[in-house]
Amino acid sequence: MENLIELSPTFQRQTILALNQFGQVVTSSLKLDDVLARIMEQVTALLDSEGVAIIMTEGDEHLKFAAVCGIGAAQLKGTTMPRNTGVAGHVIRTGEAVWLNADGSNVPGLSIYRQIESVSEFHSESLLAAPLMHGGETFGVLEAAHSNPHVLPAEDLPVLNAAAHWAAIAISNAKLHEQAQTLREQQAALEERTRLARDLHDAV
């Protein structure tokens with residue numbers, strides 16, 4: 001949240017209110033699929049983007065499109081790409097947010113990973129990407145894209161970065177909830193097996 005605090009004097013009041021609403025909406029559920037869907041919906045409303053994606057680490061070598069929305073997005077869900085490629089790869093490696101469009105980039109020489117567009121059939125010309133971080137580790141990337149090369153300017157990057165902060169909290173909470181639920185179910189199954197074994201032993 002440090003970026004939001006540092007830059008808040010330059011934000012319009014409505015943007016700050018929108019980000020507060022974003023945080024409330026995405027953190028109000030503990031179901032992961034629901035959380036991802038809410039993030040997609042809220043980022044689309046927050047920025048003038050045609051596509052939004054959440055890209056997560058998949059093992060040591062790949063990144064995976066965990067959630068997507070927008071033009072041609074449906075085909076992208078579940079698609080993987082090499083971990084060290086493109087904008088998402090840079091964000092994962094460095095933990096820094098990126099903007100990239102016809103006006104330039106905050107990372108000279110960085111380019112969009114075009115091979116993925118054969119799947120989505122969407123040609124990104126403006127792109128914002130911010131890290132999803134938990135416990136000091138970057139576990140994913142939140143991206144907003146547009147086919148117009150002059151949309152999604154650098155001024156939008158702090159907004160996406162603040163949204164990514166809330167998104168990371170919501171995703172992490174949902175994952176912890178799922179893990180706790182799985183452990184409870186495993187414990188219940190173990191207790192049931194123990195009870196059945198004891199009943200069988202008593203019967204014998």
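Read along the sequence, the chain you have open goes α-α-α-β-β-β-α-β-β-α-β-β-α, which comes to six helices and seven strands. Helices here are DSSP runs of H or I with at least four residues, strands are runs of E with at least two, and both are numbered from the N terminus. This is a predicted model, so local features need pLDDT of at least 70 and side-chain atom pairs count only at pLDDT 80 or more, while totals for chains, interfaces and linings use all residues. Residues are numbered from 1 along each chain as its sequence is written, and side-chain values use heavy atoms, with hydrogens and water left out.

**Zoomed out**

Start with the whole chain. Its C-alpha atoms fill a box of roughly 80 × 40 × 30 Å along the principal axes. Of the 204 residues, 42% count as buried; buried means under 20% relative accessible area with a 1.4 Å probe, protein chains only. Take the contacts (heavy atoms within 4.5 Å) between residues at least 6 apart in sequence: 57% of them join residues at least 24 apart.

Seven of them form an open sheet in the order 3-2-1-7-6-4-5, with antiparallel pairing; two strands pair if DSSP finds at least two bridges between them. Strand 3 (80-82) and strand 5 (104-105) stand at the edges with a single partner each, so one side of each has no neighbour in the sheet.

Next, pick strand 1 (51-58). Six of its eight residues are buried, so the rest of the structure largely encloses strand 1. On one side, eight bridges join strand 1 to the antiparallel strand 2 (residues 62-70). Click Ala53 and look across to Val68, its bridge partner in strand 2; likewise, Met56 has Lys64 as its bridge partner there. Strand 1 also pairs with strand 7, again antiparallel, over six bridges, and in that strand Ala53 stands opposite Glu143.

Follow strand 1 into its hairpin with strand 2, where three residues sit between the strands and Gly59 takes a positive phi near 70°.

**The cavity**

Turn on a cavity display.

Which residues lie nearest the centre of the largest cavity? Select Phe65, Leu76, Ser124, Glu143 and Ala145, out of a lining of 29 residues. Strand 1, strand 2, helix 4 (86-94), helix 5 (117-120) and strand 7 each supply at least two lining residues. Colour the lining by type and you get 19 nonpolar, seven polar and three charged.

**The cores**

Next, show the largest nonpolar core, which has 35 residues; Ile39, Val43, Leu47, Ile54, Leu132, Leu142 and Ile171 have the most contacts inside it. Such a core is a set of buried Ala, Val, Leu, Ile, Met, Phe, Trp, Tyr and Cys residues joined through side-chain atoms within 4.5 Å. Helix 6 (157-203) is among the elements that each supply at least two residues, and its share of 11 residues is the largest.

Centre on Ile39. Leaving aside residues up to four places away in sequence, Ile39 touches Phe22, Val26, Ile54, Leu142, Ala167 and Ile171. Apart from this core lies another, of 24 residues, including Leu76, Ile112, Ala129 and Ala145.

Ala170 is buried, at a relative accessible area of 1%, and touches Val26, Thr27 and Val35, not counting residues up to four places away in sequence. Draw a distance from Ala170 to Pro149: 21 residues apart along the chain, their C-alpha atoms are separated by 31 Å.

Last stop: Leu152, in the loop between strand 7 and helix 6. Most residues other than glycine have a negative phi. Leu152 is not a glycine, yet has a positive phi of about 60°. Is Leu152 buried or exposed? Buried, at 1% relative accessibility.

Key:
Buried < 20%, exposed > 50% of the residue type's maximum accessible area, 1.4 Å probe, protein only. 1 Å grid on protein atoms, 1.4 Å probe; cavity = no way out; pocket = protein on both sides within 12 Å on 5 of 7 lines; lining within 4 Å. Nonpolar A, V, L, I, M, F, W, Y, C, P; charged D, E, K, R; others polar.
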